[in-house]
Amino acid sequence: MKLGLVIDLDTCVGCHACATACKEWNASGVTGPLSDYDPYGAEPSGVWFNRIRHFEVGEYPENKTVNFPMSCLHCENAECVTVCPTGASIKREEDGIVLVDQDKCMGCNLCSWACPYGARELDESSGTMKKCTLCVDRIYDEELEERERQPACVLACPAHARMFGDLEDPESEVGETVRRRGGYSLMPELGYEPTNQYLPPRSTRPIPTDDLPKPKASDKVKEWTNKVVNR
């Protein structure tokens, strides 16, 4: 069994609901608090398991904004596990989830340097490395209803752009979706064999610029005035 995520780049709207839900659920548990640094200051920062990147692809009028969620990909060949000198980084045999034992981690950063996806973050408060756990404390919680035993990011996504399941089973919902939509691994040439898969954006339609009415001079003045007033 290889548990992981399937992320639909065509559907993701970049709302960051997955990131905030992840932060909220993982405020305690297997990795302890996800620290915030100077949260009410001029430059707030902190530890996040999931971050969303935003890219503009194509040329106008056929351009498209792609929102790209990034978290630990739970690689089959996880070099972060190989380089760990204390054995804190492990890959579970039963489900393929990569975890960090907070009691063994000494914050040396070797695993972070070995990860080409930037999926690990050093918690400056605890001095230990933290990363996505696939909400392992939630997906195996028998006190929850079966439909609730999914990562927090999957449950929170308003666009249903995230799926969770066994990617080793080609007949599972995630396996069938990856096959049908042409899902792919991130940077497969590195040989890490990430478990998480991405579904590519569909082709975009050109924006019909020729049919758009040209704004009148009065409309331009109104537009400029609204911008000044709403500053």
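**Exposure, core and helix face in a predicted model**

Modeller: Met 106 is found in the loop between S7 and H3. Helices (H or I, at least four residues) and strands (E, at least two) are DSSP runs, numbered from the N terminus. This is a predicted model, in which local features need pLDDT of at least 70 and side-chain atom pairs count only at pLDDT 80 or more, while totals for chains, interfaces and linings use all residues. Residues are numbered from 1 along each chain as its sequence is written, and side-chain values use heavy atoms, with hydrogens and water left out.

Biologist: Why is Met 106 called exposed?

Modeller: Buried means under 20% relative accessible area, exposed over 50%, and partly exposed in between (1.4 Å probe, protein chains only). Met 106 has 52% relative accessibility, so it counts as exposed. Leaving aside neighbours within four places in sequence, Met 106 is in contact (heavy atoms within 4.5 Å) with Pro 85, Thr 86 and Gly 127.

Biologist: Why is Met 187 called partly exposed?

Modeller: The relative accessibility of Met 187 is 31%, and therefore Met 187 counts as partly exposed. Met 187 lies in the loop between helix H6 (173-181) and strand S11 (197-199). Its phi is positive, about 50 degrees, although Met 187 is not a glycine.

Biologist: Which residues does Tyr 117 contact, leaving aside its neighbours within four places in sequence?

Modeller: Met 187 is one of them, together with Met 70, Leu 73, Cys 75, Leu 186, Leu 190, Tyr 192 and Pro 194.

Biologist: What makes a set of residues a nonpolar core?

Modeller: The members are buried Ala, Val, Leu, Ile, Met, Phe, Trp, Tyr and Cys residues joined through side-chain atoms within 4.5 Å. The largest such core has 42 residues, of which Ile 97, Tyr 117, Leu 134, Phe 164, Leu 186 and Tyr 198 touch the most other members. Apart from this core lies another, of 6 residues, among them Val 6, Met 163, Val 174 and Leu 199.

Biologist: Which residues of H6 are buried?

Modeller: In H6, the buried residues are Val 174, Gly 175, Thr 177, Val 178 and Arg 181.

Biologist: Why are the buried residues of H6 said to line one face?

Modeller: Seen down the helix axis, the buried residues of H6 fall within an arc of 165 degrees, so they line one face; the arc is that of the directions from the helix axis to the C-beta atoms. The face turned away from this buried side carries the exposed residues Glu 173 and Arg 180. Among what covers the buried residues of H6 are S1, strand S10 (162-166) and S11.
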